[in-house]
Amino acid sequence: MSKFEVMSQFWHFMRIHKKLWMAPLIIFLMPFGILFVLAKSSAIAPFIYTLF
């Protein structure tokens, strides 16, 4: 299952079940999740950890 398909299904769920209030939360938390994944698996980890 591709990433686009998962996002499409999630958007469809939010629209059908009237959960559109979740969209800003997801958009806000997504960069933090990506940042943590990069911090754990790359050489830039020491620089990211200094931000927090």
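In this predicted model, helix H2 supplies the largest share of a nonpolar surface patch, contributing nine residues.

Helix H2 itself comprises 19 residues and spans 27 Å from its first C-alpha to its last, which is close to the 27 Å expected at 1.5 Å a residue. The helix bends by about 30 degrees at Leu29, and a proline, Pro31, follows within four residues. The buried residues of H2 are Met22, Ala23 and Ala39.

Two aromatic pairs were identified in the model. The pair formed by Phe10 and Phe13 is stacked, with 6.4 Å from centre to centre and 25 degrees between the planes. Both residues belong to helix H1 (residues 3–16), where Phe10 and Phe13 are three residues apart, about one turn of the helix. An α-helix has 3.6 residues a turn, so residues three or four places apart point the same way. With a relative accessibility of 27%, Phe10 is classed as partly exposed. Phe13 is likewise partly exposed, its relative accessible area being 36%.

The other pair joins Phe28 and Phe32, whose ring centres lie 5.5 Å apart. The planes of these two rings stand at 65 degrees, and the pair is edge-to-face because this angle is over 60 degrees. Phe28 and Phe32 are both part of helix H2 (residues 22–40) and are separated by four residues, about one turn of the helix. Phe28 has a relative accessibility of 54% and so counts as exposed, the limit being over 50%. Phe32, by contrast, is partly exposed at 32%.

The loop between H1 and H2 contains Lys18. This residue has a positive phi of about 55 degrees, although it is not a glycine. Lys18 counts as exposed, with a relative accessibility of 67%.

Considered as a whole, the protein contains three helices and zero strands, and its elements run α-α-α from the N terminus on. Of the 52 residues in the protein, 12% are buried. The accessible surface comes to about 4800 Å², and carbon and sulfur atoms account for 77% of this area.

Notes
Residues numbered from 1 in each chain as written. Predicted model: local features only at pLDDT ≥ 70, side-chain atom pairs only at ≥ 80, totals over all residues. Heavy atoms only, no water. Phe/Tyr/Trp six-rings, centres within 6.5 Å; stacked < 30°, edge-to-face > 60°. Helix = DSSP H or I, 4+ residues; strand = E, 2+ residues; numbered from the N terminus. Buried < 20%, exposed > 50% of the residue type's maximum accessible area, 1.4 Å probe, protein only. Areas by Shrake-Rupley, 256 points an atom, 1.4 Å probe, with all protein chains shown as cover. Expected span 1.5 Å × (residues − 1). Bend = angle between axes of the 7 residues up to and from the residue.
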